[in-house]
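The following note sets out some points on the structure shown below.

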Amino acid sequence: MERLAPATRRVYALTRDDAMTIEDIANTLSISRRTVECHQFRARKYVREEFRKII
């Protein structure tokens, strides 16, 4: 996760650890819903790629 941009890590943490909705994250971080979705996409892609390296 350390390779992800700080904003992407933060969105990922809020999504996974705090179970926040896209709308809640957008409001908390003062960013658009679309930006949250982009960060989530990048984080999921990173996680998938890392798991593929392990398996």
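**Notes on the predicted model**

1. Thr 8 has a relative accessibility of 3% and therefore counts as buried, the cut-off being under 20% relative accessible area. Thr 8 lies in helix α1. The side chain of Thr 8 forms a polar contact with the side chain of His 39, at 2.8 Å. Apart from residues up to four places away in sequence, Thr 8 touches His 39, Arg 42 and Ala 43. The model is a predicted one, and these values are computed from it.

2. The overall architecture may be stated briefly. The protein has 3 helices and 0 strands, and from the N terminus on its elements run α-α-α. Along the principal axes, the C-alpha atoms fill a box of roughly 35 × 15 × 15 Å. Of the 55 residues in the protein, 22% are buried. Among contacts between residues at least 6 apart in sequence, 45% join residues at least 24 apart.

3. Which residues of helix α1 are buried? In this helix, which spans residues 6–16, they are Thr 8, Val 11 and Leu 14. These residues cover an arc of only 130° around the axis, which means that they sit on the same side of α1.

4. The packing of α1 against α3 deserves a separate point. Two packed helices are described by the angle between their axes and the distance between the axes. The axes of α1 and α3 come within 9 Å and cross at roughly 90°, so α1 is roughly perpendicular to α3. On the α1 side, the contact is made by Ala 7, Thr 8, Val 11, Tyr 12 and Thr 15. On the α3 side, Val 36, His 39, Gln 40, Arg 42, Ala 43 and Val 47 take part. Sorted by class, the contact of α1 with α3 has 6 nonpolar, 4 polar and 1 charged residues. Thr 8 and His 39, whose side chains form the polar contact of 2.8 Å, are both among the residues of this contact.

5. From α2, the contact involves Ile 22, Glu 23, Ile 25 and Ala 26, and from α3 it involves Arg 33, Val 36, Glu 37 and Gln 40. By class, the contact of α2 with α3 has 4 nonpolar, 1 polar and 3 charged residues.

6. With what does the side chain of Arg 33 make a polar contact? The partner is the side chain of Glu 23, at 2.8 Å. Arg 33 and Glu 23 are 10 residues apart in sequence, and their C-alpha atoms are 6.2 Å apart in space. Arg 33 is found in helix α3 and is partly exposed, with a relative accessible area of 41%. Neighbours within four places in sequence left aside, Arg 33 is in contact with Ile 22, Glu 23 and Ala 26.

7. Is Gln 40 buried or exposed? Its relative accessibility is 11%, so Gln 40 counts as buried. Gln 40 is located in helix α3. Leaving aside neighbours within four places in sequence, Gln 40 is in contact with Val 11, Thr 15, Ile 22 and Ile 25. Gln 40 takes part both in the contact of α1 with α3 and in the contact of α2 with α3. Gln 40 and Lys 53 are 13 residues apart in sequence and 20 Å apart in space, C-alpha to C-alpha.

Definitions and conventions:
Residues are numbered from 1 along each chain as its sequence is written. This is a predicted model: local features need pLDDT of at least 70, side-chain atom pairs count only at pLDDT 80 or more; totals for chains, interfaces and linings use all residues. Side-chain values use heavy atoms; hydrogens and water are left out. Buried means under 20% relative accessible area, exposed over 50%, partly exposed in between (1.4 Å probe, protein chains only). Helices (H or I, at least four residues) and strands (E, at least two) are DSSP runs, numbered from the N terminus. The arc is that of the directions from the helix axis to the C-beta atoms. Axes are lines fitted to C-alpha atoms, for helices over the stretch in contact, and angles run from 0 to 180 degrees between N-to-C directions. Angles under 35 degrees count as roughly parallel, over 145 as roughly antiparallel, 65 to 115 as roughly perpendicular and the rest as oblique. Contact means heavy atoms within 4.5 Å. Ala, Val, Leu, Ile, Met, Phe, Trp, Tyr, Cys and Pro count as nonpolar, Asp, Glu, Lys and Arg as charged, and the others, Gly among them, as polar. A polar contact is a pair of N or O atoms within 3.5 Å; within protein, one must be able to donate a hydrogen and the other to accept it, and residues adjacent in sequence count only if both atoms are side-chain atoms.
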